[in-house]
Amino acid sequence: MRLRFIVFFLFFGITLVQAQEASKINPVYRAEREKINDLVHTRLKVKFDFAKRQMMGEEWVTVTPHFYPISTLTLDAKAMLIHDVSLNGKKLKYDYDDKVLKIKLGTTYHKGEDYTVYIKYTARPEEVKQEGSAAITDAKGLYFIDPDGTDPDKPTEIWTQGETESNSCWFPTIDSPNQKSTEEIFITVPEKYTTLSNGLLQKQTKNSDGTRTDYWKLDQKHAPYLFFMGVGEFSVVKDSWNNIPVNYYVEKEYEPYAKEIFGKTPKMIQFFSDYTGLPYVWPKYSQMVARDYVSGAMENTTAVLHADNAYQVSGQLIDKNGWETTIAHELFHHWFGDYVTTESWSNLTVNESFANYSEYLWLEHEYGKDEADAHRYSDLQGYFMGGNETKDLVRFYYNSKEDMFDAVSYNKGGAILHMLRANIGDDAFRKSLYTYLHDNAYGTGEAHQLRLAFEKVTGKDMNPFFNQWYFNAGNPKLEITYNYSETQKLVAVSIKQTQDHLFDFPLFIDVYEGATPKRYEVRVDKKDNAFSFKYDTKPKLIVIDPDHTLLAQIKDDKTVENYIYQYAHAPRYDDRRQAIDELSKHQEDKEAFETLTKALNDQYYGLRIMAIKKIDITSKYAGNAIKSIENLARNDKKTLVQAAAISKLGKLKSKGYASIYKKALDSKSFSVKGSAMKSLYEIDKDAAIAAAKSISDKTTKDQMRQALIPIFIMDKTESEMPFVAAHLIEGMFFIQDTDLQKIYKEGFQWVASSDNVEATQKLTDAFVSVGKKYKQYGADQMAKQVLGQVLTLKKASNYSNKDELVKIVEDGLKELE
């Protein structure tokens, strides 16, 4: 599962970290669930009551005793109505407490004996009461989206979300990741709807009542949380890999863009098949995009579900496919997660750390090391943000299984795999992945099985590595100092570990006496570590961990001269990024500024953008930099760089750049066009406003909102107030640019003080939605506070429709109670 992490501290005074620290970890050991019975096969027949938001189901669940003789079967079944339970046509006695169904089989079964229980039931997802998480805030398993068809902006859909243990909200099962079952499902829906489920569509049968029954079947075993249904009016865009169907289920509006969004999937399947040595094993690979999805994406076997953030159009995709790493992430789960599944949530790393690292592997393969390293750097900042230092990667103590879905299981775990790959070599790493997958095929795994696979391939004892990184918390925090002795021609490098418990690890150090460094390998194994290196010429630079594979936070006392040399000679993304960042703090230094100017033409577009944003174009040294930025605005092959350059030129407020901006308005790129509008506004407001108003296509307008809304706010464009109101919350709380935040807050006052009914409704709806969705983090209190301000302004007004305005806001506040 790919999460959508929200920076909640922008909403209110406490952070996620503080909330986590405020709660004590439950001291109960979180064991793998005991296997009493094993699932063998699950056969389902389902149909839906849209008005009641319920599902009528029939199930034939085949199970077998795991080892000991049994006479009862216990199934997870949340908030259901149980109508009938029988075995071989004979009704069975059972107990049901709204969570667990305990069935008395009336006879004893022994290991090796299969038996099939029939259950007729009604699933009532709206009655489910179970804990959610930052990933899944509303864990009811089965979701009806606009089932009454009353929302003109939203299609009617049904979809399911099983992870962690929510599929037992729509069919009784042993809802544990250490269970595996084959599957059949008959889904009856109104004929206008398309369905998607696991495996292959075997048959479609039209019924006399205007419905259709679709029969899906998967003959390979997979975990219950990976079962899936999706229903709605979708266009199915067909693709393939090695004669295996690869299809994309999207709303009609996005049909022309489906292959632009998802079209690299077949190439990814080939790459991951080659990388692991195990060709994709499943009979199809479909991806569906759903409305109001509760997380980012989910790796349901052969039927991946994506949030509607995946929807992009050509004007965005020409800049960058912002969903590509998510597509890779969910696909790689079909090896790590679906094919071999974590035996317990404590060992989630064998699912999510691999899916996280697949993003790096794909970017490295497709776009090169700079792109992959930039992604890794960003991921690591997510882990380093805090609150993670006391968490082991493999955790047997936690408050909720949902807590395992965090930056430790994802970001840190992926970084550990990157470090492991560097330590043993790519070839051994790939062969170890194959061994783990092969030895545990269609079964479950844990960190120790992964360790044994690496030991089997490499012949090395991997216990020290796994004990330190998998079964331990935190990471090295290193302070580096250098002491040069010209008389002895010796440099002493001191490395101090400042974290609470010590790590023991090998470390490379590159010493640059000239353009080609000398590399030394040392071992850091105590708090204070000292190493000395002879030199002929005083080194111009020393780089610690030059390949940037160590999971560590490193501080050292390099000089401006060191960073100038580092940018020119140290080859990695991290080296150049650090140099740009540090030199931007010393732009009064001519050589530092000249290096930043060179960075405007860095080989990696991300660093070109960084240099554009960092460089001070009001500096007395800025002549050549401005010329470079002008050239980038006109000619850079990356539209994101063009956009950044145009935004930078806009800060000069020079009419001399009007031709650049006006030409950029014709760009296919939304980022270029948006930057051009904002920069043009600084010198020709009428032209910029006319350009903004000319965008009438709803999809284009929505996707360009971050460029358009500030213009509409500053211009007080009355006709665009409802559009502005619907998105104010994004700019007020999610955008970290302080100048933009001020504009959005001005927009809030504009809307909150207005008599515009539609805008008031949209503003209220936006805050109510966020408040309800993230209630457990206090977002409801934030929403109440903001809407309280709106209510005060409406009540104080003298508008003729004052009562209507007040009622809208009061109704919103009631929803938040």
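Which residues form one aromatic cluster? The members are Trp241, Phe271, Phe272, Tyr275, Tyr280, Tyr285, Phe332, Trp335, Phe336, Phe354, Trp362 and Tyr436. The model is predicted: local features need pLDDT of at least 70, side-chain atom pairs count only at pLDDT 80 or more, and totals for chains, interfaces and linings use all residues. Residues are numbered from 1 along each chain as its sequence is written, and side-chain values use heavy atoms, with hydrogens and water left out.

Rings of Phe, Tyr and Trp (its six-membered ring) pair if their centres lie within 6.5 Å; planes under 30 degrees apart count as stacked, over 60 as edge-to-face and the rest as tilted. This rule gives 51 aromatic pairs. Trp241 and Tyr280 are edge-to-face, because their planes stand at 85° with the ring centres 6.4 Å apart. Trp241 belongs to strand E16 (residues 235–241), and Tyr280 to the loop between helix H3 (265–276) and strand E18 (285–290). The two are 39 residues apart, and their pair links distant parts of the chain. Helices (H or I, at least four residues) and strands (E, at least two) are DSSP runs, numbered from the N terminus. Trp241 is buried at 9% relative accessibility, and Tyr280 is buried at 5%. Buried means under 20% relative accessible area, exposed over 50%, and partly exposed in between (1.4 Å probe, protein chains only). Phe332 and Trp335 make a tilted pair, because their planes meet at 35°, with centres 6.0 Å apart. Phe332 is buried, at 1%. Trp335 is also buried, at 1%.

A search of the whole structure returns 50 salt bridges. The criterion is a side-chain nitrogen of Lys or Arg within 4 Å of a carboxyl oxygen of Asp or Glu. Arg43 bridges to Glu184, with the closest N and O atoms 3.8 Å apart. Arg43 lies in strand E1 (residues 37–49) and Glu184 in strand E11 (residues 181–190), so this bridge ties together parts that are 141 residues apart in sequence. Arg43 is partly exposed at 25% relative accessibility, whereas Glu184 is buried at 12%. Arg43 also lies over the face of Trp60, 5.0 Å from the ring centre. For such an arrangement, NZ of Lys or CZ of Arg must be within 6 Å of the ring centre and within 35 degrees of the ring normal. The charged end of Lys45 sits over the ring of Phe186, 5.5 Å from its centre.

Glu389 and Lys477 form a salt bridge at 2.4 Å, N to O. Glu389 is partly exposed at 47%. Lys477 is partly exposed at 22%. A network of salt bridges links Glu364, Lys369, Asp373, Arg421, Asp426 and Arg430.

Pairing requires at least two DSSP bridges between two strands. Strands E4 (residues 80–87) and E8 (residues 115–123) are antiparallel over seven bridges. Met80 has Ala123 in E8 as its bridge partner.

A nonpolar core is a set of buried Ala, Val, Leu, Ile, Met, Phe, Trp, Tyr and Cys residues joined through side-chain atoms within 4.5 Å. The largest contains 250 residues. Phe48, Ile103, Val117, Tyr121, Trp170, Tyr470 and Phe767 touch the most other members. Apart from this core lies another, of five residues, including Tyr512 and Leu541.
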